[in-house]
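Reader: I have a structure open and would like to learn how to read it. Please take the features one at a time.

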Amino acid sequence: MTPKDWHERYVTTNTPWDLGQAHPELQARIDAGQLAPPREGARALVPGCGHGHDALALSAAGWCVTGLDCVELVTAAGGLGAGLREALAEGGGGLEICDALGFKGQQKFDLVFEHTFFCAIEPESRPAWGATMQGALAPGGQLAVLLFPGDKPIEEGGPPHRYGVADMQEVLGPEFGLTGDEVVSKAVSKRSWQERWVVFSRSAKLGSTS
């Protein structure tokens, strides 16, 4: 899908991926202290942030959050999307309207939160997603993934496209090690397919290409 296609989805409110709030699993883990920033000023990236519910939850938890989306409309839409850029800026972050697959920030991030972005891109674009993660995540940082849809029949196509941990690992490369993989305890009732909470940690010892 192109930015024009996504824009049309927002204009017509054909956005079934939008929960109207942060994903309950993300919020539960924030509340439990599992996603506390490691230090003041720690930076988090949320690609494909949409109306920004997840990004705002991380910002409220103390992260300096940068949200990425290809649709400018998210800054003017109703609900939590209104004033998203300003809200994130209050916490030291911001919103960038761009193709997240080509994002090249000037600073590295301590956390990347992935939710309904990987499943929305075409499978042939996954290597570009991997390159974005390699360029964005700092050594020692974490990639937290709300993996969905984990058990959708492949023949149904997408988006959302079915994928698993192995699909992500293939494009992330050996610098990223799997440190968590479990079915969520706070699933979204309107979603028909499995959701998993997956975490990759990037090696703190990288070569000259880091």
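Reader: At what angle do α2 and α3 pack, and how far apart are their axes?

Author: Two packed helices are described by the angle between their axes and the distance between the axes. Here α2 and α3 pack at an angle of about 5°, and their axes are 10 Å apart. Axes are lines fitted to C-alpha atoms, for helices over the stretch in contact, with angles from 0 to 180 degrees between N-to-C directions. The two helices α2 and α3 are therefore roughly parallel to each other (angles under 35 degrees count as roughly parallel, over 145 as roughly antiparallel, 65 to 115 as roughly perpendicular and the rest as oblique).

Reader: Which residues make the contact between α2 and α3?

Author: Contact means heavy atoms within 4.5 Å. From α2 come L26, Q27 and I30, and from α3 come D54, A57 and L58. By class, this contact has 4 nonpolar, 1 polar and 1 charged residues. Ala, Val, Leu, Ile, Met, Phe, Trp, Tyr, Cys and Pro count as nonpolar, Asp, Glu, Lys and Arg as charged, and the others, Gly among them, as polar.

Reader: What kind of model is this, and how are its residues numbered?

Author: This is a predicted model, in which local features need pLDDT of at least 70 and side-chain atom pairs count only at pLDDT 80 or more, while totals for chains, interfaces and linings use all residues. Residues are numbered from 1 along each chain as its sequence is written, and side-chain values use heavy atoms, with hydrogens and water left out.

Reader: How many helices and strands does the protein chain have?

Author: Helices (H or I, at least four residues) and strands (E, at least two) are DSSP runs, numbered from the N terminus. The protein chain has 6 helices and 7 strands. Along the sequence, the pattern is α-α-β-α-β-α-β-β-α-β-α-β-β.

Reader: Is α3 largely enclosed or open?

Author: Buried means under 20% relative accessible area, exposed over 50%, and partly exposed in between (1.4 Å probe, protein chains only). In helix α3 (residues 53-60), 7 of the 8 residues are buried, so the helix is largely enclosed by the rest of the structure. The buried residues are H53, D54, A55, L56, A57, L58 and S59. Their cover includes α2, β1, β2, α4 and β4. After α3 comes G62, with a positive phi near 110°. For the whole protein chain, buried residues make up 45% of the 210 residues.

Reader: Which residues touch the most other members of the largest nonpolar core?

Author: A nonpolar core is a set of buried Ala, Val, Leu, Ile, Met, Phe, Trp, Tyr and Cys residues joined through side-chain atoms within 4.5 Å. In the largest one, of 25 residues, they are W129, L143, V145, M168, L172 and F200. At least two residues of this core come from each of β4, α5, β5, α6 and β7. A second, separate core has 24 residues, among them A42, V46, L84 and F113.

Reader: What does T179 touch?

Author: Leaving out residues up to four places away in sequence, T179 touches V199, F200 and S201. T179 sits in strand β6 (residues 176-183). Its C-alpha atom is 5.5 Å from that of F200, 21 residues apart along the chain.

Reader: Where is the cis peptide bond?

Author: The bond from F148 to P149 is cis, with omega near 0°. P149 lies in the loop between β5 and α6.
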